[in-house]
Amino acid sequence: MALCFPRLALEALLRGRAPPEGADDPWAVAENRSVLVCNGAAAAAGVRPGSALAAAWALAPCLRVLPRDAAAEAGALEAVAAWACQFTSMVSLEPPQAVLLEVEGSLRLFGGAGRLMARLRSGLAGIGFEALLAAGPTARAALWLARGECETLEALPVCAIAPAPEALALLQRIGVGTLGELMRLPRAGVAPRFGQGLLDELDRALGKIPETRAFFVPPERFSAQLELPAPVAQAESVLFAARRLLLQLEGFLAARQAGVRGFTLSLLHRGLPPARIEIGFTAPRRDTEQGLRLLRERLGALALASPAEALRLEAGELMPLAGATPGLFRDARSEAEDWERLLERLQARLGGMLVHGLALHADHRPERAWRAAGDGEAAAAGPRPLWLLEPPRRLGENDFVLLAGPERIEAGWWDGEDVVRDYFIARTRAGSLSWIYRATEGWFLHGLFA
């Protein structure tokens, strides 16, 4: 399968723009004072690739022109290749505008060529690219079919195979307009007139001679940057562009059958350090929507010191994450995932220091017998309430009825905060089942069972 991107030069610069933002504005990318590629609004006004800029502005006075960025195009093509590795490991680049996938071994997994092409098309749209897709028996054939938007090689216009300009002009003069007409010419006469290279390309497309391709190797860590079409002053306005980066990350991780415990989104400013947003997960994930929900919580509380001009998404160490088979009914695993997602949202909203797990700690003093998260070893103890009062509340001798006890706790001499207390389970006047203690200063309420 071939993925051909005729507007890659424009999409590499504008895919951070949400569709409603200037959807009717004409845009073009220029090189050497002429239009290289334009969007649909500019084409509707009469602008065409190859038009001089002066003529383009005469047709569309509101035309917005960007200079070509070859490095951004190359980076975008590699980003597509890394994302496409989730469908097959045999992905190759065809600069400047195409990516080729050897998918025969993946067709059964994805439900056939039609379903795979639909999934590729929708996935590419999600990360900001519009592609011409075609399938063929060889890489060269698929590439030509995608460029020419044809279903058969015989009907393909000869211009789609990108012959040398002199060869194309000669073919047009002798009335050869399609690849089928070219293949019916005597081979002995084609090579002297059009070059052996044209015949070799044709034989590669037909599978008569092999074509060696270098397969793309994705990077070990994920890092992607997306330029914003205009500076953004409100942090929440970058969510659309951030979603495209997260979809790109999800494809990258799916290709590696991996997940991450978190990622960092950096908002880049001119002349200032970037604003960094750290997002953490309770377990390895590659879920775009969950990442976006956590980002929305953090961005809503972020005030930018200066308008952001670009985004950079970076992910940490990859961790194995096999695909999960969904169940017909809700089970313990799905309930555990819901709980983990709730924890992640609370941490994103309130901060990781305020939302954490609890672990027992080997100390007899109740206020020191726990730690935030981590593992611990509990000291031997009797019944303990979940809710401790800090500080303990003084009680009168007639405010409670003793039910059980005492339990002597005498500890802390080694750190200068020693305590000597006798603990009881008691019922207060309000009816609460309480944990109280007696010290030299009197009676104190220290915890509540219920």
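How many residues lie between β2 and β3 in the hairpin that they form? There are two, and Asn32 in that turn has a positive phi of about 55°.

Before I continue, some conventions. The model is predicted, so local features require pLDDT of at least 70 and side-chain atom pairs count only at pLDDT 80 or more, while totals for chains, interfaces and linings use all residues. Residues are numbered from 1 along each chain as its sequence is written, and side-chain values use heavy atoms, with hydrogens and water left out. Helices (H or I, at least four residues) and strands (E, at least two) are DSSP runs numbered from the N terminus.

I turn to strand β2, residues 27-31. Four of its five residues are buried, that is, under 20% relative accessible area with a 1.4 Å probe, protein chains only. Two strands pair if DSSP finds at least two bridges between them. β2 is joined by four bridges to β3 (residues 34-38), and these run antiparallel; Ala28 has Cys38 as its bridge partner there. Another four bridges connect β2 with β4 (residues 64-67), in a parallel arrangement, where Trp27 stands opposite Arg64.

My second topic is Thr138, in the loop between β7 (132-134) and α7 (139-148). Is Thr138 buried or exposed? Thr138 is buried, because its relative accessible area is 17%. Leaving aside residues up to four places away in sequence, Thr138 touches Arg204, Ala205, Leu206 and Gly207, where contact means heavy atoms within 4.5 Å.

How values were computed
Buried < 20%, exposed > 50% of the residue type's maximum accessible area, 1.4 Å probe, protein only.
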